[in-house]
Structure formats: structure tokens, C-alpha cells
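Here is a short briefing on one structure. Look through the sequence and the model before reading on.

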Amino acid sequence: MKTPAAKPPSKRLRTLAHSIAIAFAGGATLAAHAANDDIQKVVVTAQSRSQSAQEVPISMEVISAKDIQNLGAKNLGDLNGYLPGLQVDSTQATQPVFGIRGVQPGDFGIGTDTPVGIYVDGVYTGKTGGALMNFIDIQRVEVLKGPQGTLFGRNSAAGAISVVTNEPDSSFDMAGHVKVGNDNRANMDAMINVPLGQDTAARLVVVRAASDGWVRNSATGTRTGGDNSWATRLSLKQKIKDATLNLSWEHEQLRQHGWPAFGVVKDPTLPQGGYTGVYDAAYVANFVDPRKAPLENDTDGAERRVFDGVTLRAELPLGGVTLHSTTAFRTFSSSNLTDNDGTSRADFHLSTDDHKNAYNWQQEFKLSGKTDKLDWIAGVSFYDNRERQTASAIVNTATLDTISQMQGGAADFATLFGGLAQAGVPGVDGSSNFTWGENTYNKLHSRAVSIYEDIIWHATPSTNLTAGVRWSRDRKTMQWYVPARQSPELDRLLNTYGPAAGMDASTLPANVVFSAAGQLAASPVSASHSWSDWSPRVVVDHKVSGDLLLFASLSQGYQAGGFNVFTPPNPSSADAKARDPSFAPEKMTNLELGFKLYVPSIKATLNGSLFAYRFKNLQDIKLGGSGAISTYNIVSSDQQAKGLDLDGRIRIAPGLTLFAGLELIDQTYHRYQTTGDGGVPLNLSGQPVGTPFFSGMAGMNGSWEAPGGRISATLQGSYHSKSRCNDDTRALQCMNAPAFRTGEAGSKADLRLAWDHANGKFGVALLVNNLFDKRYVYNLDGQTKTLGMPYASVTAPRAIGLELRGSL
């Protein structure tokens, strides 16, 4: 599968010229300049109520639309590193990985969920197709740390990310941005808000992001590492007396090359001449630095996604209470083709392809009310999700010969083809090579219902007691089907010429990749399981003064159990686990002590919290198994951590603000036993999980008067200490090879310089991401165990862009 070539620059620039005309035709009014640049109390809805962020007794970070603009962020992945405690791996847009406070699992199968819930306007987006969408007319992003099970529900055991978009309003408004940059970068967004009557308004937003990519694949000549997507949202807001209705439709299409897989083994005599099943010093001494070596992938890779979502939100006052209703439907289809060997060598060809289709429906009813003493909410929610997944492994007969030889066997296919060539079979010689593909087909039906309440009791004018609980019940039904390999050309050859030699296609194994015990399901098999849970929270907060809030909380979060897409049930087995291969639910218990300080006299805020948690049955994936090629399997562990969060900002002069944040965390396994290289049993209990001990960020915003307008500047940077690896991950995740290191400390800086006209109607900005061009090897992946051929993921180089903004 190949991605269509990028549009020629000339055509793209013509499109941009037209977009610039649209952008300068109208736009939103600028926020007040630095003369009014104050550190204001941001209003959030973290507790399903509109409150000042400084009054919410939850450890949280709030990213405003201006913050997103300063970073030039396209999606949540671009925020990675700038919110200490939040980890986002957006290497693969259709399979993103989110983590909060070190809880960052990586399973891409439909049978499990993620403990970090992503919500857009209160609607759960899942973990794959809808989780990493373009920012479309964003008002703010709220990152809530710690369990949010009571208010947000299942799949927010470690925290929640709530994205809030702008609603239509009663004034006519138009806005547009265009950004061009290196690697043929061309981004644009345009918005129009139109009042349709006294009580009706509509808002249309279109976003486009595209670049050719920052590296060229020398094996195919294609540039990769870029992006190519567009999205739109159409919203309608209607007031009917005291009631308000919001109807929105979202659509996104993504069509881009996959992330580059940089091979680190370039010596053609390797790995056969040096790999012994472990990554010893002698073998890694042959690795090359992937930041300097050419990219050589025989598969360009491709990511596709088509997403549609419709949401109806209603708010209706009923006497002394308010009824809130959210009805949402989401559907997406996605595919992800990736190179898994990092080379263009025919004898090591391995690529994987992951296809998903999903349809889900969500409904929530919520009542809320206030008295002098109580502020309460109560509600019920329903969730129904249906997904299909096809996971494919694509190899060839030369690769299978390589695997056979590395495991002590012979090159059977090469011998076979050589013999057929000698027998005069046309079109076959000793170098013949045929594709061999294997698939697993899975279906999932998930249903969930929950009932919850949350009450804030104003015990005194300065002290509040919050108590909440959610009851949840989940049921999942999973189906597995693993048919025999697909190799039509090879089968045709053998069935035509093989019988004379006493062999045909039936003499070949049905599967090689998905052939390990427990992976076979020649006909569809199914399993079902149900789980239920109570997730409570108790919070006490006290205002020591008008601007200092102290709080203490004890909360729990829950995530339903699940299934491994590569481990179907075996109904005839005497082993109960084989008959029901489900995983137990996850549960997080978190204790937190914190404060929030706002000092108006010096325009400053300072927030901090001490936390300690215990996470039980965290579901993650690990490459392994007993098949010819390693596959991903679900593993579960108990983890624990304690740490400190701090963030603050201060305006040190008119027009100049400093800000910073940090997280210190000591995260270890409480219970985890696994298998290391060579099948050696490992007990990692008490060892680090891998999360760096320190992560932090700092920056400054400034603005000054300039001819005809105002100049502003934002400089910000992030830093994290080295990964804390254990006996299982040390070989590759914390490797110290002569050519490069993995798991090392890292930093990144970004700069934005802008000039805005005095009337606020147009402006221009220079954006530089990765200002100092820091490059890191942050992961070694692929068939590391079986073939000894890992590939590296490398951070992108410096990117420079010019942004034009227009407004009406």
C-alpha cells in the first residue's frame, strides 16, 4: 500500500494564496494586548461545574487557545513535554498512547481500553481513531491528574483530558490563519460564526495540515515523517426560552505516510553473524546512529483515517434544577501500515497492517442544582461500542528462510525454488521470493452503564466537603478468527508444479507468524465477560485566606477488563484461563494533598500537590511469544508511585510574564513477574517502571509597543531526566551503544515572534519548533527478540514556519 505523492509545491502555494485571501477577509478579535495582560482566573468545568481553576481541588493543567497558538500545536501530541506529568506518544496518529503520572500503557488492540480518558465536549473519544484529532476551534484543554472515575467514568482511572471547543455565539465573526514552513509545510484554518436570528447561531470551522516530511526514504525515494489531514466542524446553537440546544457535526480525513523506521543494523553479515538472542556489548557495538544513517524502508508505511461524529447537547432549567443531556454518535475507519524491520533487505522483510472500524453511541442525562449549603450533580450514562479489527503480518519466503536459519534450520524455500528451476519450471530461480501474509480478525461489542452523584457541602464559608461515587457495569463480547496464511502466488506455483515432485501447497504450514500455542482459531470463537465497580472520591478543601486554597483528596478510578486480540479462547482446554482469556479490571487508588495560591498584588499563581497512588492490574503489551515471529501479548502489573507537582506563573513587569512547572515522581512495580531475553524469568517487583524522575518546563511571554502595532514573543522549553530502566528494559530502552544512547535525558525549546497591527485585525508570526535542533533516539522497536533487527524512532528536527493571521 502506497500513499499518493504530495501535491506539487506550486499547486499547494496557489491553494494557500486563496486561503490567505479568505483569512484576511475576516477573523476573531484579538485578546487584549499586554497592557491588559493579567493573570486571570480561568473558568473550567473539571467538576462538571463552571468554576475558577484556582478553586477546583484537583491537580490540573489548563491549556488555553493562546497557549496552543504559541506552540503552533496541531493536536494533543504537540503538547508533549509542556505539561509535566502528561505523556503523549503520537508517533502513529491512528494508535496514539497517552499517559498521566507514568501510567502509559501501549496496547493497540480493540480488546482493551486506556486508563487516560480523552473527552471532547464531554464525549468519550476512545483510544485510537478519535483520540488524536486536529485541534478545531479550541477554547481550552483541561488535563486532570489522578483518578477521575466519579465524574468522568470508566477509562479515566489515571486521569482525564477534557477538550472544550468554542460554541456559536450571537455576533458575526470570521477568522483565519495560514502557516507555511520548511518541508513544504502548509497549514490553514478558517472560521465563520453567523447569527441566524435572535436565538440561533451557526459556526463553521475548517482546518488543514500538510507537509511532505523531514526525511527521504532512500529505498523508495519518498519523503516521510510529515502529515496530511483536514477536518471540519459545523455547529448550530438554538435557544428556546430558557433551554439551549447545541448540535455539532465533525468530520476528519487523514491520509499520510507512516512514521519512519530507522534501521540500526547496516552490516550485511548481521544479524546472522553476531546475534545470539541477547543484546550483548559485542553486538550493539555494530549499531549505527540512526540520526546520521539513511532511512531504508522497503515499505513506506501509510496511515489512513476517516472520522465522523454527531453530538447533541441540551440544557434545560427545571425549577430549581437543570437537566443536561448529551447524545453522541461516533464512527471511524482507520488503517496503519508500518515497516517492522527498518531495512530494505528482502531477506528481512516484515511489515504489519492494522485496520479498524468502529461505531459507538453514547447518552448521558445529568441533573444539577445549588442551594446555600449544597452544590450537587447526579446522572446516568450509557455507552455502546462495536469494533472490528484486522491485524496483518506481511513477510515473504526469504524472510521465512532467514528465521529458519537463525533457529538452526535450513533455507527450505531457497532449496525448493532452486530445485524447481533445475527442473525447468518457468519463472523460478534461486532468487525467487513470494509474499506470505497472515491475518487475525476480531470483533468487539462493548456495553456500559453507570450511575453517579457528586455533592459539594459548604460546611463553612471557607470549608467544603465533597463526596461522590459512580457505579459502573461493563460487558464485552469478543470474537477471534485466525485463518490460514494467504500466499496465492506461492500456492499456485506449488499446486501446478509440485505434485510431480510429491508435494503441493498443502504440505506447507497453515501459519508461521500466528502459530504459537493459544493463537490458533481456524473458525470463529467468542468469549464474554462482565465487570462492575464502585468508584468513590472524598475531598476536603479550605480557604486559608481569600487567595489560598488547601485540599486533600482520596479517590479511586476504574477501567474495565478486556481481551488480547492475539489470544483466542480454547473451549476444549482444561485450563480455566485458556477457556476465558479475559483480563481483570484495573483499579487506581490515589491520595493527594495540595494547595492553590493566587496573589493579585504581584499577579502570580502557585499550585502544588503531593500524591501517592497504587495501580492494580495495569494492562500493557509486550513483544514476545513462542512463535517464529514475536507478537504482542497483554501483560498486567501492579504499580505504585509517589511524587510532587508544582506549577506557577508571575507577571514581573507590564507585558512580561514568566511561567514554569515540574513533576517529581518515583514510580515502581509493586508486583510484576515476566520473562526476559532467552526465556529467563524476571521478578521486577520494586524496580522502576521507566518514568523519568524529573520532568519540567519553563518559559516567558512578553509584548512591547512597535511601529503600527505590537510585538510579542514566547520562548518556552521542556526537560526530562533519563529513563529509569529495569532488568527487562535495560538492554534496549536504556542502551549505551558506542554510536548512540536510548533513554537519555532530553530537552526541547520553541519560539514564537509576532507582530500584530494596532487594530488587532491582522498579524504575522515566526514559529520555530525544536529551536536548538535537539535530536534523540527515544525507542527501539520491531522484531527485536526474534530477528535481532531493531529499528529506532527519532525525534523530528527543527521546523520553521511563517504564520499569517487575519480578522474582521
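Predicted model: local features only at pLDDT ≥ 70, side-chain atom pairs only at ≥ 80, totals over all residues.

Residues are numbered from 1 along each chain as its sequence is written, and side-chain values use heavy atoms, with hydrogens and water left out.

**Disulfide**

- The count comes to 1 disulfide, taken as a pair of cysteine sulfur atoms within 2.5 Å.
- Cys 725 and Cys 734 form this link, with an S to S distance of 1.9 Å.
- The link of Cys 725 and Cys 734 is right-handed, with 75° about the S-S bond.
- Cys 725 is buried at 11% relative accessible area, whereas Cys 734 is partly exposed at 22%.
- Buried means under 20% relative accessible area, exposed over 50%, and partly exposed in between (1.4 Å probe, protein chains only).

**Salt bridges**

- The whole structure holds 36 salt bridges. Each is a side-chain nitrogen of Lys or Arg within 4 Å of a carboxyl oxygen of Asp or Glu.
- Side chains of opposite charge can pair when their charged atoms come close.
- Arg 140 and Glu 142 form a salt bridge at 2.6 Å, N to O. Both Glu 142 and Arg 140 are buried.
- Arg 345 and Asp 347 form a salt bridge at 3.3 Å, N to O. Asp 347 is partly exposed at 25% relative accessibility, while Arg 345 is buried at 18%.
- Asp 454 pairs with Arg 537, and their closest N and O atoms are 2.9 Å apart. Asp 454 sits in strand β22 (residues 435–458) and Arg 537 in strand β24 (residues 521–545), so the pair ties together parts that are 83 residues apart in sequence.
- Asp 454 is buried, with 0% relative accessible area. Arg 537 is buried too, at 7%.
- A network of salt bridges links Glu 61, Arg 101, Lys 145, Glu 592 and Asp 645.

**Sheets**

- Helices (H or I, at least four residues) and strands (E, at least two) are DSSP runs, numbered from the N terminus. Two strands pair if DSSP finds at least two bridges between them.
- Strands of a sheet pair through backbone hydrogen bonds, either parallel or antiparallel.
- β3 runs antiparallel to strand β8 (residues 138–145), and 5 bridges join them. Opposite Met 60 stands Leu 144 of β8.
- Another open sheet has 3 strands in the order β17-β37-β36, with antiparallel pairing. Its edge strands, β17 (262–263) and β36 (777–781), each pair on one side only.
- β36 and strand β37 (residues 791–794) run antiparallel and are joined by 4 bridges. Val 777 has Val 794 in β37 as its bridge partner.

**Second largest pocket**

- On a 1 Å grid over the protein atoms alone, a cavity is a set of points where a 1.4 Å probe fits but cannot get out. A pocket is an open set with protein on both sides within 12 Å along at least five of seven lines, and lining residues have an atom within 4 Å of a point.
- The second largest pocket holds about 1,400 Å³ of space. A volume is the space filled by probe spheres set on the points, with grid points joined across faces, edges and corners.
- Its lining has 49 residues, and Ser 48, Asp 121, Gly 122, Thr 326 and Lys 366 lie nearest the centre.
- Strand β20 (residues 351–370) gives the largest share of this lining, 8 residues.
- The pocket lining divides into 16 nonpolar, 20 polar and 13 charged residues. Ala, Val, Leu, Ile, Met, Phe, Trp, Tyr, Cys and Pro count as nonpolar, Asp, Glu, Lys and Arg as charged, and the others, Gly among them, as polar.

**Second largest cavity**

- There are 7 cavities of 30 Å³ or more. The second largest cavity holds about 420 Å³ of space.
- This cavity is lined by 35 residues, and Thr 125, Gly 126, Lys 127, Gly 130 and Ala 131 are the closest to its centre.
- Elements giving two or more residues to this lining are β6 (116–120), β19 (321–339), β20, β21 (374–396) and β22.
- The cavity lining divides into 16 nonpolar, 10 polar and 9 charged residues.
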